[in-house]
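Subject: Structure handover

Hi,

Here is the structure I said I would pass on. Please open it alongside this note. My findings follow below.

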Amino acid sequence: MTIIFWDIDGTLLTTGKAGVPAWEQAVHEVTGQDFQLSSIRVAGLTDFQIAARTFELLGVPLEGDRLARMVTRYEDLLPSMLPLKQGRVLPNVREILESLRGRADVRSYLLTGNTRRGARAKLTHYDLFTYFPDGAFAEDQGLRASIAGRALELARRTGPIDLERVFVIGDTPHDIEAANVIGVKTIAVATGGYSIDELMPHQPWRVFEHLPPPAEFLQLIESGRLKAAPTSA
């Protein structure tokens, strides 16, 4: 059985920065202050980590349920913001997911720094939600590695798994590091906020400008080899 854990933002899709106005409005409602999300390099951070960093920059203490209220309000606002931006599913993603649909020997799960509600909003808007039976999501300020651990436990609920046949697909060093912590391979893509040159020092198993076409991707996960060298988009 092959297990594939998928990141969302910068890996499966881009929202065209639809999360930015949702986030900034949520911050204003919860704290009464204006905030520019562009002041943080958010790629690879979880929603809760971004919220904590936001409060730190604003000098707002993390008292009571303030952090949870902030994230919840963002989740509330996100669905209405998604149609206002020109996002897209990234190259070869839908074709790969379609080629995996129904295969008894491959299971795909989400492994994302989004909350469950945030992930559902994005995947529903871009018509990708039905490809994923479940996943592991941000639940607190914990590192992405803790999410990866929960993802692995989720996969094991359906039976034993071979770590040699488990892959994390992501676009940031955080994804690679999380995969390394749980002892699995990373297929890294430079379709998010990090270039190939920035990803390579973190030692992904494979790195590409973007995901290869379905036949090549299937060969990659089935044989662990790729005939052609990574190419630019």
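What is the volume of the largest pocket? In this predicted model, the volume comes to about 760 Å³. The lining of the largest pocket takes in 33 residues. Nearest its centre lie D9, T15, K17, V42 and A43. By class, the lining of the largest pocket holds 13 polar, eleven nonpolar and nine charged residues.

Next, the second largest pocket. Its volume is about 170 Å³. The lining includes L97, L100, R101, G102 and R103, then V106, R107 and S108, and also T130, Y131 and P133. Both α4 and β4 (106-111) supply two or more of these residues. The largest share is from β4, at three residues. Five lining residues of this pocket are nonpolar, three are polar and three are charged.

Last, a helix pair. Helix α4 (residues 93-100) packs on helix α9 (residues 214-223) at an angle of about 60°, and their axes are 9 Å apart. That angle is why α4 counts as oblique to α9. The α4–α9 crossing is right-handed. On the α4 side, E95, I96, S99 and L100 make the contact. The contact has six nonpolar residues, one polar and one charged.

Best wishes

Technical notes
Residues numbered from 1 in each chain as written. Predicted model: local features only at pLDDT ≥ 70, side-chain atom pairs only at ≥ 80, totals over all residues. Heavy atoms only, no water. Axes fitted to C-alpha atoms, helices over the stretch in contact; angles between N-to-C directions. Helix = DSSP H or I, 4+ residues; strand = E, 2+ residues; numbered from the N terminus. Parallel < 35°, antiparallel > 145°, perpendicular 65-115°, else oblique. Left-handed = near helix turned anticlockwise from the far one by under 90°. Contact = heavy atoms within 4.5 Å. Nonpolar A, V, L, I, M, F, W, Y, C, P; charged D, E, K, R; others polar. 1 Å grid on protein atoms, 1.4 Å probe; cavity = no way out; pocket = protein on both sides within 12 Å on 5 of 7 lines; lining within 4 Å. Points joined across faces, edges and corners; volume = space filled by probe spheres on them.
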